[in-house]
Amino acid sequence: MERASQFIGQSTAFLDALDRASQAATLERPVLVVGERGTGKELIAERLHRLSLRWDGPLITMNCAALPETLIEAELFGHEAGAFTGATKARAGRFEEADGGTLFLDELGTLSMGAQERLLRAVEYGEINRIGSSNPIRVDVRIVGATNENLPKMVDDYRFRADLLDRLSFEVITLPPLRARDGDVEVLADHFGRRMAAELSWDSWPGFDDMAKKELDNYAWPGNVRELRNVVERAVYRSGNANVAINRIEFDPFESIWTPSGSNNSAASPFPPNKPDNDSIPHNDGIIESEAVQSSEHVIPAIDIDDFRKASETYEKMILEAAMEKHRYNQRQTAAALNLSYDQLRHCLKKYDMLG
C-alpha cells in the first residue's frame, strides 16, 4: 500500500491543512511543516513533492536528529577524501542526491548553528561546498523542513538563525493534533483495524463495541496517529476473534503490576508493587476492609472461612461490587479508587463475570 495514500480523515482542521499543502506544492518555494510527533509531517512532505513539478525527481529524506552533530554537515553537503578522519574517499551529500528534486529535512530544529549557516547559503544561492573543498557545486533543490519545535521561540533564544527561518518559512503548514480532529479517531481506528484484520487473514471485520469506541474517542492521543495505529493494531491481534467486536483497548503496553521499578530495585521483596503486607491490612474481628471500600457507604460483612481460596474470591468480588456501585459503574474511576490500572480492573471484572 502506498504511503502517500494514507491521508485519512474528514475533520475540517485536517482537510484545511491538506488543502494548504496541495496549494503550496506547485510553488518552487521552501515549506515548513510543523506539528506534534505522529501527526504525519513526512506524509505531507511526500505530498508536497508528488504534486510539485519535481514529481519525477528524487525525494531525499534526512532526519537531522539521527546523526551526531559532527557528521550532520558531511551528510548534508558531502565531503572530499581526507577531509576528516575516516573519510577515505569522496562522497556526495544529500543536497547533491536531491538535485532536481526535493530534500526533506526532518527534525530541523536540531541542526547545529554551523550547519544552519551552511544551509542558509545553500538555500539563498543554490550552491554548496563539500567538506574539505573550496569548489562550489550548483544544486537545484527544493527544501521542505519539518519540526515539532517552536522555531520563532528558538530564534528568540538564539538557538536558531532568524535569517534561515525567514528563508525557509515562505509557507508554514501546521498540522492539527489528533485530539483536535473531530470525528477522525473513529474513522482512522476503523481503517487501521480493518487493515490489521486483513493481515491476520480474518474473514470479516467485527469492529469495536460501543465502550471501546468511547475509550478511543476520549483518549488524549499524545502520540497522535502513530500511537492510534499501534493501539488499534495491538487491540485487534490480542482479541484473536474475528466474530466478536473488539472490547478491550490497552493504551500503555508497558503497564503491568510486574513493571520493574528502575533504580528502586524491589527484587528482594516477595510482594509485587503496591501489594500490602499483612500488617498494612486493618483487621477487625474477622472483617477485612479495603480503604477504597471503607470510604464508601458499603460495609463488607464477615466471611466464614472454611475454604481460603473461595473466601478470598468472595471477598474480592464484594470489594469490586461495592467500588463499582460507589463510582456508578465508571470503570476508570473505579480502577483509580482501587489503585489498579484500567486493564487490571477489566481483568478482575472478567474473572468474576462482571463485565455485563
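Trainee: Where does aspartate 19 lie?

Mentor: This is a predicted model, numbered from 1 along each chain as its sequence is written; local features need pLDDT of at least 70, side-chain atom pairs count only at pLDDT 80 or more, and totals for chains, interfaces and linings use all residues. Side-chain values use heavy atoms, with hydrogens and water left out. Helices (H or I, at least four residues) and strands (E, at least two) are DSSP runs, numbered from the N terminus. In that scheme, aspartate 19 lies in helix H1.

Trainee: What is the relative accessible area of aspartate 19?

Mentor: Start with the cut-offs: buried is under 20% relative accessible area, exposed is over 50%, and partly exposed is in between (1.4 Å probe, protein chains only). Aspartate 19 counts as partly exposed because its relative accessible area is 42%.

Trainee: What distance separates the C-alpha atoms of aspartate 19 and isoleucine 173?

Mentor: Along the chain, these two are 154 residues apart. Their C-alpha atoms, though, are separated by 9.8 Å.

Trainee: Moving on to H2, which of its residues are buried?

Mentor: Helix H2 runs over residues 41–50 and is mostly covered, with seven of its 10 residues buried. What covers them includes helix H1 (12–25) and strands E1 (31–34), E2 (59–63), E3 (102–106), E6 (142–147) and E7 (171–174). The buried ones are Lys41, Leu43, Ile44, Ala45, Glu46, Leu48 and His49.

Trainee: Leaving aside neighbours within four places in sequence, which residues does glycine 57 contact?

Mentor: Glycine 57 sits in the loop between H2 and E2, and it counts as buried because its relative accessibility is 19%. Its C-alpha atom is separated by 7.8 Å from that of alanine 98, 41 residues apart along the chain. Contact means heavy atoms within 4.5 Å. On that rule, glycine 57 is in contact with His49, Gly100 and Gly101.

Trainee: What volume does the second largest pocket have?

Mentor: The search uses a 1 Å grid over the protein atoms alone: a cavity is a set of points where a 1.4 Å probe fits but cannot get out, a pocket is an open set with protein on both sides within 12 Å along at least five of seven lines, and lining residues have an atom within 4 Å of a point. Grid points are joined across faces, edges and corners, and a volume is the space filled by probe spheres set on the points. For the second largest pocket that comes to about 690 Å³.

Trainee: Which element gives the largest share of the lining of the second largest pocket?

Mentor: The lining has 29 residues, of which Gly38, Thr39, Gly40, Leu43 and Arg226 lie nearest the centre. Elements giving two or more residues are H1, H2, E3, helix H8 (184–199) and helix H10 (224–239). The largest share, four residues, comes from H2.

Trainee: How many residues of that lining are charged?

Mentor: Ala, Val, Leu, Ile, Met, Phe, Trp, Tyr, Cys and Pro count as nonpolar, Asp, Glu, Lys and Arg as charged, and the others, Gly among them, as polar. The lining of the second largest pocket then has 14 nonpolar residues and five polar ones, and the charged number 10.

Trainee: At what angle do the axes of H12 and H14 cross?

Mentor: Axes are lines fitted to C-alpha atoms, for helices over the stretch in contact, and angles run from 0 to 180 degrees between N-to-C directions. Helix H12 (residues 308–326) and helix H14 (residues 342–351) have axes that come within 11 Å. Their crossing angle is roughly 115°.

Trainee: Which residues of H14 does H12 meet?

Mentor: The contact divides into five nonpolar, no polar and two charged residues. From H12 come Glu316, Leu320 and Met324, and in H14 they meet Leu345, Cys348, Leu349 and Lys351.

Trainee: Leaving aside neighbours within four places in sequence, which residues does threonine 334 contact?

Mentor: Threonine 334 lies in helix H13, and it counts as buried because its relative accessibility is 0%. Its C-alpha atom and that of alanine 323 are separated by 6.1 Å. Threonine 334 is in contact with Ala323, Met324, His327 and Leu345.

Trainee: What is the phi of asparagine 339?

Mentor: Asparagine 339 lies in the loop between helix H13 (331–337) and H14. Although asparagine 339 is not a glycine, its phi is positive, at about 60°.
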